[in-house]
Amino acid sequence: MALPTHCEHEEWPGNPLDAAREAFGWLTAGDHPVAVDGRLFDHLPDRIIPVDELRDLLLAHGCPRRVWDQVWTHVISRARVEGGTWTITAVGLALPMLTSLAARLTERYADDPSDIHAEVLRGFLDALQTVDLTEGRITIRLRWAAYRAGHRALLDGMDGPTPKPPGFHSSEPKPPAGHPDLVLARAVEAEVLTRTEAELIGATRLEGVELADWPHHPGLTYEGLRSIRRRAENRLVAWLIESEASPGDSDPTGDAAARLPPDEQTEDSVQSQNVAKKVGGPATDQAPNSGLQGRG
């Protein structure tokens, strides 16, 4: 696809997500924008739909979640075969989700967030090649892959010195250890929560998603979903309390070594797993069979 002439003279955005937004804009410019056949999907208009309009239709409040899986299956399949245009299309459809996620990860980060944003994007792109299109809940798994990549980059950045201009001045503290996203991610790494439970808590407690709107298995009732969230939150609270009360472990988001071999595990990593057992057994990935659909 030939790029619009005016783009040849414009400076390329420094932030990778801004660059992705610019590239997606190219796909929808001109008389022949990249489009899909709406007849391939439930709920969508029976006509050719430009991909920027497709993004808006998916983000509409009444869009059924099954349509997300149908669209993602189509777009990802084409991206894997054709690459290029359809990979950019996939990124463009996910940009509201990726931008919101990256902003939350770096809202208290003192350094340039571009590297972390780049890792969010890289995690998403890697998942495009590996996500199982037959299992459903594609959006939640794409989102989690992007989140994990960005979260690892954030931890690496926080381990380095806080940047500061020349001259004498007081240093800004590092981002608070109790940042909710970091706490949830660490709880997953410590096997206190499953990924699904962390997403459920994050979406319904932090992102304002109503519990009734959380996509879940048809056999799971609202009360059952609320019970799952309550048990997960109780497990999380117990872990946080014990972590805070433990000498030398006031940061519940500190490095977790729960997945290391036994001879490399620290006392703290074993402790977090013991907490999970105390308050209702280890976390499992059995339910809910659900995921955030990235209204972002």
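Guide: A helix here is a DSSP run of H or I, at least four residues long, and helices are numbered from the N terminus. Helix 6, helix 7 (180-189) and helix 8 (195-206) each supply at least two lining residues of the largest cavity. The model is predicted, so local features need pLDDT of at least 70 and side-chain atom pairs 80 or more, while totals for chains, interfaces and linings use all residues. Residues are numbered from 1 along each chain as its sequence is written, and side-chain values use heavy atoms, without hydrogens or water.

Visitor: How many aromatic pairs does a search of the whole structure find?

Guide: Two. One joins W72 and F124, with ring centres 6.1 Å apart and planes at 65°.

Visitor: Why is the pair of W72 and F124 called edge-to-face?

Guide: Rings of Phe, Tyr and Trp (its six-membered ring) pair if their centres lie within 6.5 Å; planes under 30 degrees apart are stacked, over 60 edge-to-face, the rest tilted. At 6.1 Å and 65°, W72 and F124 are therefore an edge-to-face pair. W72 sits in helix 3 (residues 65-82) and F124 in helix 5 (residues 114-130), 52 residues apart, so the pair links distant parts of the chain.

Visitor: What makes W72 buried?

Guide: Its relative accessible area is 1%. Buried means under 20%, exposed over 50%, partly exposed in between (1.4 Å probe, protein chains only). F124 has 0%, so F124 is buried too.

Visitor: What makes W144 and Y147 a stacked pair?

Guide: Their centres are 5.5 Å apart and their planes 15° apart. Both are buried. They lie in helix 6 (residues 138-159), three residues apart, about one turn of the helix.

Visitor: Which residues are closest to the centre of the largest cavity?

Guide: A cavity is a set of points on a 1 Å grid over the protein atoms alone where a 1.4 Å probe fits but cannot get out; lining residues have an atom within 4 Å of a point. The largest has a volume of about 90 Å³. Twelve residues line this cavity, and R143, Y147, D181, L184 and A198 are closest to its centre. Helix 8 gives the most to the lining, with four residues.

Key
On a 1 Å grid over the protein atoms alone, a cavity is a set of points where a 1.4 Å probe fits but cannot get out, and a pocket is an open set with protein on both sides within 12 Å along at least five of seven lines; lining residues have an atom within 4 Å of a point. Grid points are joined across faces, edges and corners, and a volume is the space filled by probe spheres set on the points.
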